[in-house]
Amino acid sequence: SDWSSDVCSSDLLNLFTFLPVYARDILLIGAPGLGMLLAAVGLGSIAGAGAYAVLLPRGGSGRLLLAGLGSLAVFLAIFAWSENVPVSLAALAIYGACQVAFYSTVQSLLQTLSTPRMRGRVMSLYMLMALGVAPLGSLLSGLVAETHGVQVALGGGAIVTFVAVVGTWLGSPGLRVLHPARIGIGEAGEPREPVTPAGGEA
């Protein structure tokens, strides 16, 4: 999951860096419109968090991780090249929901699949990779935006991310079927006890 956090941090989180430019120069909605764009992401995130908690109380799977990251890239690309305010707001709302699904899945898988002894170290490394790569991605995106514009910078990052997801989907069948329940891992990261049939022996 570390690679996915790196990709998301370097390519997708630059959205918030460029939102003021979109509000002022592309969508022409100014400072009040910037608040609307941010609110759309927030509302989508709240809706996504609620849906995730209700539908997936035990956490996600490798398939959901890839689907969440791929959906993030798709709706970021839609926003990147949109010059229509309603379309942009809708894309950002779905982006927010997908972002929650992706990050929740990554963190639940890391915590569930790691042993209690290693869980703190695993999560520390995850946070380092997730947050530490973002400034490097912002630097690269800024250089691209300076020469080719913010739409190319943001949309290009979305395309790179989507290609990485497709490549991983095709090249890592183990990740597609990854689910803690299928490999005998309980909610606390401990091996499950064998189930004894009623009236019989294990």
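Residues are numbered from 1 along each chain as its sequence is written, and side-chain values use heavy atoms, with hydrogens and water left out. Because the model is predicted, local features need pLDDT of at least 70 and side-chain atom pairs count only at pLDDT 80 or more, while totals for chains, interfaces and linings use all residues.

**Overall fold**

The protein chain has 9 helices and 0 strands, where helices (H or I, at least four residues) and strands (E, at least two) are DSSP runs numbered from the N terminus. Along the sequence the pattern is α-α-α-α-α-α-α-α-α. Of the 202 residues in the protein chain, 40% are buried; buried means under 20% relative accessible area, exposed over 50%, and partly exposed in between (1.4 Å probe, protein chains only). The accessible surface comes to about 10400 Å², and 69% of it belongs to carbon and sulfur atoms; these areas come from the Shrake-Rupley method with a 1.4 Å probe, and for residues only the protein chains shown count as cover. Among contacts (heavy atoms within 4.5 Å) with a separation of 6 or more, 78% join residues 24 or more positions apart.

**Nonpolar core**

A nonpolar core is a set of buried Ala, Val, Leu, Ile, Met, Phe, Trp, Tyr and Cys residues joined through side-chain atoms within 4.5 Å. The largest has 37 residues, and L15, Y22, F79, L92 and L154 have the most contacts inside it. At least two residues of this core come from each of α2 (15-26), α3 (30-55), α4 (62-81), α5 (85-113), α6 (116-132) and α8 (150-171). Helix α5 gives the most, with 9 residues. Leaving aside neighbours within four places in sequence, L92 is in contact with L15, L19, L37, A40, V41 and F79.

Buried residues in α4 include G62, L65, L66, L69, A73, L76 and F79. The 20 residues of α4 should span 28 Å at 1.5 Å a residue, and its end C-alpha atoms are 29 Å apart, which agrees. The expected span is 1.5 Å times one less than the number of residues.

**Aromatic pairs**

The structure holds 2 aromatic pairs. Rings of Phe, Tyr and Trp (its six-membered ring) pair if their centres lie within 6.5 Å; planes under 30 degrees apart count as stacked, over 60 as edge-to-face and the rest as tilted.

| Pair | Distance between centres | Angle between planes | Class |
|---|---|---|---|
| Y22 and F79 | 4.7 Å | 35 degrees | tilted |
| F102 and Y103 | 5.1 Å | 65 degrees | edge-to-face |

Y22 lies in helix α2 and F79 in helix α4, so their pair ties together parts that are 57 residues apart in sequence. Y22 has a relative accessible area of 0%, and F79 has 0%. In the other pair, F102 is buried at 0%, and Y103 counts as buried at 17%.

S88 is in helix α5 and is buried, with a relative accessible area of 0%. A polar atom of the S88 side chain lies 2.9 Å from the backbone oxygen of N84. Not counting residues up to four places away in sequence, S88 touches L27, F79 and S82.

T112 also lies in helix α5 and is buried, at 12% relative accessible area. The backbone oxygen of S108 lies 2.7 Å from a polar atom of the T112 side chain.

Key. Polar contact = N/O pair within 3.5 Å; in protein donor to acceptor, adjacent residues only side chain to side chain.
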